[in-house]
Amino acid sequence: MSDGTLWLGCALAAGSVAVLRLSWGRPRRDRTLNALGWIGIAGGTLLAGSAEGAWGVAVAALVATGAACLLLVHAGFEKPRAVRRFAIAPRVAAPAAQAGRWTRGLLTFVLTGPLALAVAVAVALAMRAAAMRWPVAEADVNVMVLALVPLVWPLLTFAMLMTERRRAQLAMLLVPLVGAAAHLLLLGGSA
């Protein structure tokens, strides 16, 4: 019984990733499909977790991540829709406009990749410095920090990717970074 429930949860999580890809592939974001996708991932993970505990959650996460990777590989070889439309339309856009798309994508990658990771690490280190003042063993605090980075980074990246304005994306990086830096500076070298 538990094997069937585990695989059902994995299938639900992977299918929900496909629903998210369908939603994000539309010209405008579809909130209903987004909600269905995220609810499906959560439901699949909970279903797998109820069947096999932490192991089931890990398996469902791996299957969903694998499905996302396959969809990303497929999307990487696809020509973007905007380029397809532009190729069909008469050549009226300036060459600088096309170059801007490439640099914009590179900037988005840098902001949501390495810079968001750096902010996630800074937040985790600030939490570690705060947790060292709690009556908790240092090993437990270190495990908490190791668990925070893979949680904060994708959440921050997701929020940034859902925001279309560059200023809002920069604010999403700067606010937690300044908060974490201020916290670390206030605590000084006590941790």
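**Exercise 1: Helix 6**

In helix 6, the buried residues are Val141, Val145, Leu148, Val149, Leu156, Thr157 and Met160. Buried means under 20% relative accessible area, exposed means over 50%, and partly exposed is in between (1.4 Å probe, protein chains only). Helices (H or I, at least four residues) are DSSP runs, numbered from the N terminus.

This is a predicted model, where local features need pLDDT of at least 70, side-chain atom pairs count only at pLDDT 80 or more, and totals for chains, interfaces and linings use all residues. Residues are numbered from 1 along each chain as its sequence is written, and side-chain values use heavy atoms, with hydrogens and water left out.

Task: compare the span of helix 6 with the expected one, then find where the helix kinks.

Solution: 
- Start with the expected span, which is 1.5 Å times one less than the number of residues. With its 24 residues, helix 6 is expected to span 34 Å.
- Now go from the first C-alpha to the last: helix 6 reaches 35 Å, close to that expected value.
- Then look for the kink, using the bend at a residue (the angle between axes fitted to the seven residues ending there and the seven starting there). Helix 6 has a kink of about 25° at leucine 148, shortly before proline 150.

**Exercise 2: Aromatic pairs**

Task: work out how tryptophan 24 pairs with tryptophan 38 and with phenylalanine 158.

Solution: 
- Here's the rule: rings of Phe, Tyr and Trp (its six-membered ring) pair if their centres lie within 6.5 Å; planes under 30 degrees apart are stacked, over 60 edge-to-face, and the rest tilted. That gives three aromatic pairs.
- Tryptophan 24 and tryptophan 38 have ring centres 6.5 Å apart and planes at 50°, so this pair is tilted. Tryptophan 24 sits in helix 1 (residues 2–24) and tryptophan 38 in helix 2 (residues 31–52), 14 residues apart.
- Tryptophan 24 is partly exposed at 35%, and so is tryptophan 38, at 38%.
- Next, tryptophan 24 and phenylalanine 158 make a tilted pair, 6.2 Å centre to centre with 35° between the planes. Phenylalanine 158 belongs to helix 6 (residues 138–161), so this pair ties together parts 134 residues apart in sequence.

Terms used: Helices (H or I, at least four residues) and strands (E, at least two) are DSSP runs, numbered from the N terminus.
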